[in-house]
Amino acid sequence: MQPRLHQVKGKASKEIPLLAQKHQIDLIVMGTVGRVGIPGLIIGNTAESILEQTQCSILAIKPKGFQTPIK
């Protein structure tokens, strides 16, 4: 099966899980900029919300040049 791109309008944390369920999506690839503090080092609020609502795999990608605030 070939990868397909889906774009939806609305709040990502609501619309992406609905789309994933409707189309039986296996993998969601999304960017994440993280959030403040230790939890933000791994995944951002939106990506975390989507992860909690879906049964598929998620590949969260930090933006180019992202630097961890922990030294």
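Leaving out neighbours within four places in sequence, Ile25 has contacts (heavy atoms within 4.5 Å) with His6, Leu19, Ala20 and Cys56. The model is predicted, with local features needing pLDDT of at least 70 and side-chain atom pairs pLDDT 80 or more, while totals for chains, interfaces and linings use all residues. Residues are numbered from 1 along each chain, and side-chain values use heavy atoms, without hydrogens and water.

**Exercise 1.** Find which residues of H1 are buried and which are exposed.

*Solution.* Start with the terms: buried is under 20% relative accessible area, exposed over 50% (1.4 Å probe, protein chains only). Helices are DSSP runs of H or I, at least four residues, and strands are runs of E, at least two, numbered from the N terminus. In H1 (residues 12-22), Ser13, Ile16, Pro17, Leu19 and Ala20 are buried. Viewed down the axis, these buried residues fall within an arc of 160 degrees (directions from the helix axis to the C-beta atoms), so they line one face. On the other side, Lys14, Gln21 and Lys22 are exposed. Finally, the cover over the buried residues includes strand E1 (27-31) and helix H2 (45-53).
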